[in-house]
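Work through these exercises with the model open. Each task is followed by its solution.

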Amino acid sequence: MTESIEKTRLLDIAIIGGGPGGLSAAHALVNQGLSVGIFERARALRPIGAALGLAQQGYQALSDINPQLSTRVRSLSANPQRQLLMRPNGEVLFLDESPMAGTSFTWVGWHTLQTCLRDCLPDSVHLYLNHKLIHFTTSDGADRLVRLKFQNQSEYLAKVLVGADGYNSAVRNATVQDGKPLYTGTMTWRGIVPRQAMMPLNTSRLSIKQS
Ligand SMILES: Cc1cc2nc3c(=O)[nH]c(=O)nc-3n(C[C@H](O)[C@H](O)[C@H](O)COP(=O)(O)OP(=O)(O)OC[C@H]3O[C@@H](n4cnc5c(N)ncnc54)[C@H](O)[C@@H]3O)c2cc1C
């Protein structure tokens with residue numbers, strides 16, 4: 001091992017991105033007995049995002065990693081029972097039974113999922129916040145280590161680099177180099193509003209129509 005390697009922390013696996021993908025990969029890889037570090041550019045995991053749809057395949061994937069993890073996430077999720085469309089003044093335009101009611105499909109808060117996946121990680125996995133990957137190089141030696149360079153942070157070395165850094169992935173840009181993501185021309189804005197902050201519902205309109 002060279003002097004510069006001794007001074008730099010060496011990991012088996014460095015995961016870039018602390019979203020659902022990066023955190024789930026960390027669970028799977030640490031289960032294999034590997035040393036894992038997750039590097040996330042955000043300074044804190046803040047309660048952002050809205051509801052993320054998680055269906056049976058997602059739970060099966062989580063269960064394959066760790067059955068308790070799957071059970072824990074499901075306990076924090078909800079099966080949609082009803083759907084309604086309202087005007088800003090609270091007028092209900094329609095209220096219907098959700099087509100997903102009674103199925104295994106669930107909604108889970110994006111931030112709820114992220115914090116659950118983080119909190120269930122073993123202590124050996126460190127989440128390095130405020131670590132934005134800006135560049136990486138691969139050594140020529142037989143060990144082929146990846147040297148990771150972060151904005152205003154120390155360098156790290158890893159045997160394997162996992163890119164889980166979302167749709168504008170720096171890792172993908174440097175490896176696959178297939179250009180910027182394509183914009184489909186549509187955009188969705190999602191948010192969560194506390195029920196108490198909404199206009200009072202006109203409960204006389206809240207019966208589900210029978211067809
Ligand atoms: C904040 C956020 C909220 C979202 N909310 C919803 C939602 O409510 N409902 C929904 O259906 N979908 C939501 N999405 C989109 C959807 O959940 C994503 O498609 C899904 O999260 C994909 O997971 P992922 O882990 O692959 O990538 P992402 O969730 O996109 O996570 C990528 C992570 O990598 C980090 N990152 C990016 N670049 C770097 C870098 N250079 N160095 C270090 N870290 C980096 C990002 O900060 C992010 O935390 C959200 C995505 C984000 C990022």
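**Exercise 1: Strand pairing**

In β10, Val162 is the bridge partner of Ile15. This is a predicted model, where local features need pLDDT of at least 70, side-chain atom pairs count only at pLDDT 80 or more, and totals for chains, interfaces and linings use all residues. Residues are numbered from 1 along each chain as its sequence is written, and side-chain values use heavy atoms, with hydrogens and water left out.

Task: state in which sense β1 and β10 pair, and over how many bridges.

Solution. Strands are DSSP runs of E, at least two residues, numbered from the N terminus; helices are runs of H or I, at least four. Two strands pair if DSSP finds at least two bridges between them. β1 and β10 (residues 156-163) pair in the parallel sense, over seven bridges.

The open sheet has six strands in the order β7-β2-β1-β10-β9-β8, and its pairing is mixed. β7 (126-128) and β8 (133-138) are the edge strands, each pairing on one side only.

**Exercise 2: Helix packing**

Task: decide how α3 and α4 are oriented to each other.

Solution. Axes are lines fitted to C-alpha atoms, for helices over the stretch in contact (heavy atoms within 4.5 Å), and angles run from 0 to 180 degrees between N-to-C directions. The two axes come within 6 Å and cross at roughly 140°. Angles under 35 degrees count as roughly parallel, over 145 as roughly antiparallel, 65 to 115 as roughly perpendicular and the rest as oblique. α3 and α4 are therefore oblique to each other.

Finally, list the contact. α3 contributes Gln56, Tyr59, Leu62 and Ser63; α4 contributes Pro67, Leu69, Ser70, Val73 and Arg74.
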